[in-house]
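Here's a quick briefing on how two chains pack against each other. Have a look at the model first, then read on.

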Number of protein chains: 2
Amino acid sequence: MIDPTTLTLSGLRIRATYDFHGDPAEARRRADALRVEQTIEFPADLVPDDDIQREVVGRVESLDEIGPDVVRAVVSYAVETTGWELPQLLNVLWGNSSIQPGVRLVDVALPEALLDHLPGPRFGVSGLRRLLDATDRPLLATALKPMGLSPERLAAQAYELAVGGLDLVKDDHSLANQEFAAYRERVLACSEAVRRASEDTGRRVLYLPSLNAPFDELERRLDVAVSAGVGGLLVLPGLTGLDHLRHLARSVDLPLMGHPALLGSFTASPTSGIAHGVVYGTLMRVAGADLSIFPSYGGRFSFSRDECREIATALTAPLPATAPAFPTPGGGMTLDRVPEILDFYGPDVALLIGGDLHRGESLRATAAAFRSAIGA
Amino acid sequence: MIDPTTLTLSGLRIRATYDFHGDPAEARRRADALRVEQTIEFPADLVPDDDIQREVVGRVESLDEIGPDVVRAVVSYAVETTGWELPQLLNVLWGNSSIQPGVRLVDVALPEALLDHLPGPRFGVSGLRRLLDATDRPLLATALKPMGLSPERLAAQAYELAVGGLDLVKDDHSLANQEFAAYRERVLACSEAVRRASEDTGRRVLYLPSLNAPFDELERRLDVAVSAGVGGLLVLPGLTGLDHLRHLARSVDLPLMGHPALLGSFTASPTSGIAHGVVYGTLMRVAGADLSIFPSYGGRFSFSRDECREIATALTAPLPATAPAFPTPGGGMTLDRVPEILDFYGPDVALLIGGDLHRGESLRATAAAFRSAIGA
């Protein structure tokens with residue numbers, strides 16, 4: 001037994017909801033193990049009845065059988081366990097329990113004092129609408145591709161897509177710093193092409209390069225983008241860390257678009273990992289994404305309508321101290337599906353169509369058709 | 001159809017092995033979709049028979065039904081698709097396909113030219129053995145815990161554990177920068193305590209603080225650790241990014257211990273995500289971990305003996321330009337299991353026991369018993 005500890009804590013608690021899949025008779029024991037694993041990771045019987053045992057160890061607030069062999073547990077954590085830092089928040093919510101099979105983190109509620117420490121979207125829905133002079137219509141987004149094209153050819157694509165009617169022209173997430181289209185040359189060429197398109201049409205169009213870079217290159221590549229006058233940034237938290245997104249939202253005055261690369265392994269299994277709404281919704285939003293890309297139902301991926309709804313809700317529902325962000329459904333969307341997608345998501349959405357815009361007589365024409373499809 | 005592209009590529013290929021779970025009749029189509037998704041993410045029928053189609057798009061090298069409803073596909077990628085950078089390597093291997101259910105990345109073989117760009121372990125097994133004057137015995141590791149203790153109490157623990165016989169005394173992975181034990185005070189106190197223990201015993205003992213910090217604090221916290229004369233660093237790639245580990249291995253002359261926090265979601269489902277050997281073995285090793293922590297079979301977690309063997313093999317098997325790293329099984333190991341664990345892993349192992357050392361008359365005594373248990 002260790003000696004008793006006295007602490008001064010705020011009493012503010014984070015509430016995390018976990019679904020335990022398996023024998024309901026085991027759920028109490030598993031939830032008890034989880035609340036210890038996520039905090040002190042120490043034999044609970046060796047801690048006296050002190051402030052560590054009572055306040056630092058997570059608390060099982062409720063336990064409900066919500067379906068056949070599924071028990072839902074709400075566990076609360078003292079906000080101080082996070083040190084008010086995002087990486088440690090993730091660690092408290094899911095660090096070691098990520099390793100356990102049969103348990104899924106399905107919801108997270110953060111106290112306002114902690115949300116105050118997190119940036120949330122700098123622009124958000126209303127800020128992006130102002131920036132793009134798009135009062136209430138859906139935003140139109142696309143990607144420059146395929147990998148293998150030269151900076152000049154990608155820039156030519158960017159110009160056509162921007163002139164045709166897109167609002168947001170981003171690098172494909174596969175573009176990093178390959179010799180086919182080195183980052184600096186690509187960013188300069190595409191940024192210039194989109195600026196020219198804006199001048200030619202009188203419409204604001206944003207180019208967002210992909211900030212997929214090694215840790216020690218991130219600041220330099222950011223400087224290249226900012227110097228080139230880009231309109232925003234594509235950020236891949238699965239590759240560069242969710243806290244890098246937070247850092248950008250805090251320090252850079254540009255809209256940020258979050259991409260799900262590598263994050264799919266958190267959501268792919270229905271009985272482990274983290275729920276779609278938490279990964280592509282809550283976490284992207286509190287970290288500062290103004291737009292969060294996810295593969296919509298009915299495309300190349302397998303998300304259900306319910307999962308997409310959950311993401312869109314997590315991005316847009318009222319949250320203290322945090323602006324709403326644009327759901328950005330993509331992943332194989334096509335022009336002919338625009339009405340149906342709008343019907344599902346409503347107008348506060350950024351539609352992301354990539355490859356399908358290349359089917360047609362010209363990129364400019366399909367981009368214009370995309371714009372017509374939303375009735376703008 | 002886009003215009004044809006001519007590229008100059010090395011011909012060097014990365015080989016990634018994927019298991020497709022489900023109807024074998026669908027496997028060819030799914031593998032074909034994956035090789036496109038992971039590279040050009042563009043309708044393949046819109047790319048002419050050019051160098052993008054032939055070289056940049058991944059190639060299905062083989063397809064074998066290896067079990068009931070499991071087809072194993074080897075897909076190769078031109079090394080240039082990675083731009084020789086680790087985040088983009090992850091993106092090519094698993095970026096968007098992480099989102100698909102029913103497919104698992106089970107093996108990765110990198111060409112030597114790419115391994116030359118990755119640091120691998122700076123010390124590795126032989127370097128750590130030299131540093132610790134431990135010619136051929138297992139290494140002994142433990143964690144300072146529980147969260148909630150003051151820096152002074154953690155430092156007192158560190159002293160006792162070091163004097164008792166540990167080689168590596170690390171922060172518990174739950175220690176970040178909480179007000180209970182702020183990072184700077186904790187690192188100074190624990191580093192000093194372990195140095196004193198080394199002087200008092202004449203044995204080299206390494207203290208490894210947890211470098212779990214926000215993106216824009218990582219360099220400052222590293223400086224605090226280096227100035228305090230720490231013996232190594234605990235790195236959490238699931239929180240700070242795998243490329244942060246690579247950056248440290250490249251730039252800091254200290255042993256690095258990788259921790260699996262948050263990475264469990266990549267391995268928890270047997271039919272999606274990434275195999276244990278790739279996550280806790282290959283990726284940790286090529287990025288530069290000298291020791292890789294994972295929860296051993298028979299503890300609080302659920303890894304099987306086969307999964308643990310796969311990890312240990314990936315950390316130690318011959319690999320061009322890359323030193324072997326120490327498998328560091330933990331996750332609820334106990335003193336009485338030491339002989340069995342050694343029998344399983346062999347001598348090139350770092351045994352990590354945390355909480356169980358607190359069961360006994362004194363920490364110093366249980367630490368000494370741990371050392372006796374390995375016959376040192």
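For the complex, the predictor gives an ipTM of 0.98 and a pTM of 0.98. This is a predicted model, where local features need pLDDT of at least 70 and side-chain atom pairs count only at pLDDT 80 or more, while totals for chains, interfaces and linings use all residues. Residues are numbered from 1 along each chain as its sequence is written, chains are lettered from A and ligands numbered from 1 in the order in which they are written, and side-chain values use heavy atoms, leaving out hydrogens and water.

**Contact and buried area**
- On chain B, 82 residues are in contact (heavy atoms within 4.5 Å) with 82 residues of chain A.
- About 7,200 Å² is buried between chain B and chain A, with 58% from carbon and sulfur atoms; buried area is the accessible area (1.4 Å probe) that two parts lose on being put together, summed over both.
- In chain B, the residues losing the most area to chain A are B:Ile99, B:Phe215 and B:Leu262, together 11% of what that side buries.

**Salt bridges**
- The count between chain B and chain A is 12 salt bridges, meaning a side-chain nitrogen of Lys or Arg within 4 Å of a carboxyl oxygen of Asp or Glu.
- B:Glu37 pairs up with A:Arg300 in a salt bridge, with the closest N and O atoms 2.7 Å apart.
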